Amino acid sequence: YKNKGIQPLLDAAVRYLPSPEDKGEVVGINPETEAEEVRQPTPEAPFAGLVFKVLVDKYVGKMALVRIYSGTLKPGDSVYNVRADKRLRVSRLRQILADKFEGIPEAMAGDICAVIGLKEARTGDTLTAENAPLALEAMQFPEPVIGYAIEAQNKKEADKLGQALEKAKEEDPSLKLEVDPQTGQTILRGMGELHLEVVIERMQSDFNLVIRKGAPQVAYKEVITQSIVHTYFLKKQSGGGSGHYAKITFELSPREDGLPGLEFIDDIKGGVIPREFIPSVQKGFEAGMQQGILAGYPIESMRVRLFDGGFHAVDSHPQDFEQAAVFGFREAALLAEPHLLEPVMQVEATTPDEYTGVINGDINRRRGMIVGMEAKAGTQLIKAEVPLSELFGYVTSIRGLSSGRASASLTFAHYAQVPKQIEAQILEQWSVTA
């Protein structure tokens with residue numbers, strides 16, 4: 001506006017934001033051969049670009065914001081979406097200038113442009129030339145850690161709320177929608193209170209809605225902590241027809257690598273369970289993980305080694321083995337010392353020196369652990385890890401403790417086991433509401 005600081009800003013852009021030519025070739029994976037391939041950042045190379053954001057415009061519909069790594073893109077071109085394995089056609093190209101969009105005849109390596117017409121595109125998708133597919137490094141989106149139960153003010157606005165939620169999900173892949181199986185409520189999950197507050201406020205203003213929201217809900221997870229060997233035997237006889245028969249013996253344990261998800265090991269020998277039934281067993285354990293064992297929260301990670309079992313030549317079906325895995329998991333998990341996990345946030349609080357003691361004390365009261373402090377010109381930067389369940393309203397609280405002079409930022413750090421006393425309180429509350 002007044003040309004203040006513009007020259008240092010431009011100098012910084014030159015220094016810290018290299019051109020594609022300075023950065024050099026981009027490396028990706030060929031989806032057909034799974035071998036590494038490189039692309040030169042030139043307009044003549046085969047096209048490759050990454051969708052880094054999706055916008056839904058009220059006038060032109062869905063726009064994919066694309067960073068072009070190699071090649072040239074023009075309206076009417078066909079591109080290949082590696083994730084969706086689909087051919088998409090570019091309708092129009094636009095150049096982004098702050099909040100304005102101008103049509104352009106082409107975009108080339110190094111450009112960022114808005115592409116209209118890519119209905120199947122999602123944030124993180126790689127777009128390439130059809131005859132030269134290449135998968136660029138995908139974006140990783142963290143799991144949501146907090147949720148609100150939301151509903152429209154009345155039945156008339158329910159459809160508009162559905163449209164608003166679909167638009168929000170398209171634009172922000174870190175949002176998740178769930179339906180609570182006990183209450184039937186729609187739960188909107190995100191990365192924090194502020195994240196969800198901004199999303200809800202935007203939906204209300206864009207769609208002229210009034211949205212009611214419940215109290216914030218922490219996205220707990222569950223984990224098993226001991227190894228257990230268990231056998232489950234399913235046997236039912238129906239009158240007149242074939243029955244149901246499945247027997248599985250398995251070892252249930254925590255994963256040694258600590259990675260999320262199910263590590264399933266097929267150790268069946270001698271055909272005691274036919275090969276065609278093994279995928280059904282794995283599917284059953286995956287379904288059990290999603291339902292949890294203590295309070296319906298999903299299991300973070302676990303290892304299952306299937307090593308024995310039995311079947312009946314007539315009465316055994318794939319669904320019998322899937323059901324045996326679900327019920328066998330429930331029995332075994334209760335014996336494997338399950339516990340709750342809670343999201344822990346990284347808190348960075350900046351405060352004048354005189355309020356350091358008060359804010360440190362407040363962090364300790366919230367079950368937080370201070371991991372570092374830095375002095376900066378009369379202020380202190382306090383770094384801490386605090387359970388999310390203790391942080392509702394924290395930004396407002398820290399301002400109150402410091403007469404409005406302190407501020408804080410919160411980002412997700414990791415999941416940690418809930419202390420036994422707190423876990424007992426959570427499970428008691430869950431059993432009452434259930």
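A residue is called buried when its relative accessible area is under 20%, exposed when it is over 50%, and partly exposed in between, with a 1.4 Å probe and protein chains only. The model is predicted, so that local features need pLDDT of at least 70 and side-chain atom pairs count only at pLDDT 80 or more, while totals for chains, interfaces and linings use all residues. Residues are numbered from 1 along each chain as its sequence is written, and side-chain values use heavy atoms, with hydrogens and water left out.

Most residues other than glycine have a negative phi.

**The chain as a whole**

Buried residues make up 41% of the 434 residues in the chain, and the C-alpha trace spans about 85 × 65 × 50 Å along its principal axes. The chain holds 9 helices and 26 strands, where helices (H or I, at least four residues) and strands (E, at least two) are DSSP runs numbered from the N terminus. Among contacts (heavy atoms within 4.5 Å) with a separation of 6 or more, 70% are accounted for by residues 24 or more positions apart.

**An open sheet and its helices**

Four strands form an open sheet in the order β19-β20-β22-β21, with mixed pairing; two strands pair if DSSP finds at least two bridges between them. β19 (228-236) and β21 stand at the edges with a single partner strand each, so one side of each lacks a neighbour in the sheet. Direction ignored, neighbouring strands of this sheet are turned by 25° against each other on average. Helix α5 packs on the sheet, where it touches β20, β21 and β22 (301-310), and its direction makes about 155° with that of β21. Such angles run from 0 to 180 degrees between N-to-C directions, and the axes are lines fitted to C-alpha atoms, for helices over the stretch in contact. Helix α6 (residues 318-335) lies across β19, β20 and β22 and runs at about 40° to β20. Within the sheet, β19 and β20 (residues 244-253) run antiparallel and are joined by 9 bridges, and Lys 236 stands opposite His 244 in β20.

**Strand β24**

Met 369 is found in strand β24 (residues 369-376). Leaving aside residues up to four places away in sequence, Met 369 touches Ile 363, Lys 383, Ala 384 and Glu 385. Met 369 and Val 386 are 17 residues apart in sequence, yet their C-alpha atoms are 6.4 Å apart in space.

**The largest pocket**

About 1400 Å³ of space lies in the largest pocket. Of the 42 residues that line the largest pocket, the closest to its centre are Arg 189, Val 218, Tyr 220, Gly 296 and Tyr 297. A pocket is here an open set of points on a 1 Å grid over the protein atoms alone, where a 1.4 Å probe fits, with protein on both sides within 12 Å along at least five of seven lines; lining residues have an atom within 4 Å of a point. The volume is the space filled by probe spheres set on the points, which are joined across faces, edges and corners. The largest share of the lining, 6 residues, comes from α9.
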